[in-house]
Amino acid sequence: MKLTAGGRRLAAAALVQSLGIGLFMASSMAYFTRQVDLSANQVASGLALAGVVALGISLLGGVLADRYGARRVLAAVYLGRGVCCAAYVFVTDFWQFMAVTLCAVACDRAGPPVLQALVAVAVPERQERTRLLAVVNVVRNCGLGVGAMAAGVALASDTQAAYRVTLVAIGLAFLGGAVLVLRVSEPAVSAVPAAEAAPEGAGERPAKGRLLPDARYLTLTGLNFLLFFFDTMLLVAMPVWILEHTDAPRATVSVLFALNTALVVVLQIPVSKLATGQRRTTRMLTWTGAVLAVSSLCFAASGSVASGPAVAWLAAAVVTLSLAEVIANSAVWDLSIALAPEEQRGRYLSVFNLSVAGQRVLGPVMVTGLLLGSGSLGWVVAAAVLVVAGVAAERVARAAGERMRAGAPVHA
């Protein structure tokens, strides 16, 4: 697809900062445990605690974006992440690690909704902005992979100097992302269509009077928490299930991770083109639940067969999971923006992003405590829940869109 100048800069910013994230993800654990002398448990518990605390702090990003403009806030978020990475060079104990990590994770959680808010302003046409977010997601995945491979230099040398150079390089990557974001045009008055700018129940209560999004938007946020289960299925449930509940070779885990990455890169942009019009986009929520349910049943089947068939079932599970991921992304990128009133878009999107961040915090607990502990039956129950969640999400989103249409003409 052909991008505007602003779209190209946002995609370039996503690529640059994802290179930094890939470098950090691949090298940070080794740096903290081998050079700072923290234990693996300290690092893991610190990241988990920071993730929980940052859930609330991240809401400030949306409030600030509404007040000062998404462009400046997103640039500040990227700059903050860069400063935090550079600050890790000076960390010498657990409490210093916690302080820097809390700031870093808060910036990380605040970034995605502010990016969406900026895209909504920079690209007023509804379908084009969904495609731009798809491009951003693809380049981000590519950047993560390249950054992770580049981290091999520091890991191979395993010296403090190499790790510190890597951390400075990560900081510079975020700084480059901030500079690119500041070059994106952000009109003083958005050209968003009236149907998307009008608050739900227009005329009943001014959007500026709301402290929280309206009830339908909050309900859709809660249902998206369930539909975003694909993330936890891939990152937590899949490796544990393969290693502890199937006869598949251990190497299957890394192969399936690579398969997922490749499928998302290949499918995200084409699938995003399906998000055209309110009715078709809301229907994609039902598709998400149904495809995730199929993936869950494939995982269940892999636990009761020999090694060869188990690998086949697992591959089918990851293929369908990846398809559900790109469908869900395309639908919620569109709907989370379209159903938010323009004057409070940043706040609405920050609240909606809690469903994603919350899944990453609570999802592992749900997987280890409920799903995997019940064996194949847990996957079957999960499949049923996901189907219901998809259907319910479609109905809620459609009702919200119809109520918005009642207050203003639709431009889908």
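1. Contact of H6 with H14. In this predicted model, Arg126, Arg129, Thr130, Leu133, Ala134 and Asn137 of H6 meet Asn329, Ser330, Trp333, Asp334, Leu335, Ile337 and Ala338 of H14. By class, the contact has 6 nonpolar, 4 polar and 3 charged residues.

2. Geometry of the pair. Helix H6 spans residues 126–150 and helix H14 residues 307–338. Their axes come within 10 Å and cross at roughly 130°. H6 is therefore oblique to H14. The crossing of H6 and H14 is right-handed.

3. Confidence. The chain averages a pLDDT of 86, and 91% of the residues score at least 70. Two stretches need a flag. Over residues 189–207 the pLDDT is below 50, yet this stretch has 49 contacts in the model beyond near neighbours in sequence. Residues 408–412 also have a pLDDT below 50, with 14 contacts beyond near neighbours in sequence. Where pLDDT is low, predicted coordinates should not be read in detail.

4. Aspartate 37. Most residues other than glycine have a negative phi. Aspartate 37 has a positive phi of about 70°. It sits in the loop between helix H1 (5–34) and helix H2 (40–57). Aspartate 37 counts as exposed because its relative accessibility is 62%, and the cut-off for exposed is over 50%.

5. Aspartate 158. Here too phi is positive, near 55°. The residue lies in the loop between helix H7 (152–157) and helix H8 (160–182). Is aspartate 158 buried, partly exposed or exposed? At 23% relative accessibility, aspartate 158 counts as partly exposed.

Key: Residues numbered from 1 in each chain as written. Predicted model: local features only at pLDDT ≥ 70, side-chain atom pairs only at ≥ 80, totals over all residues. Heavy atoms only, no water. Axes fitted to C-alpha atoms, helices over the stretch in contact; angles between N-to-C directions. Helix = DSSP H or I, 4+ residues; strand = E, 2+ residues; numbered from the N terminus. Parallel < 35°, antiparallel > 145°, perpendicular 65-115°, else oblique. Left-handed = near helix turned anticlockwise from the far one by under 90°. Contact = heavy atoms within 4.5 Å. Nonpolar A, V, L, I, M, F, W, Y, C, P; charged D, E, K, R; others polar. pLDDT = per-residue confidence, 0-100. Buried < 20%, exposed > 50% of the residue type's maximum accessible area, 1.4 Å probe, protein only.
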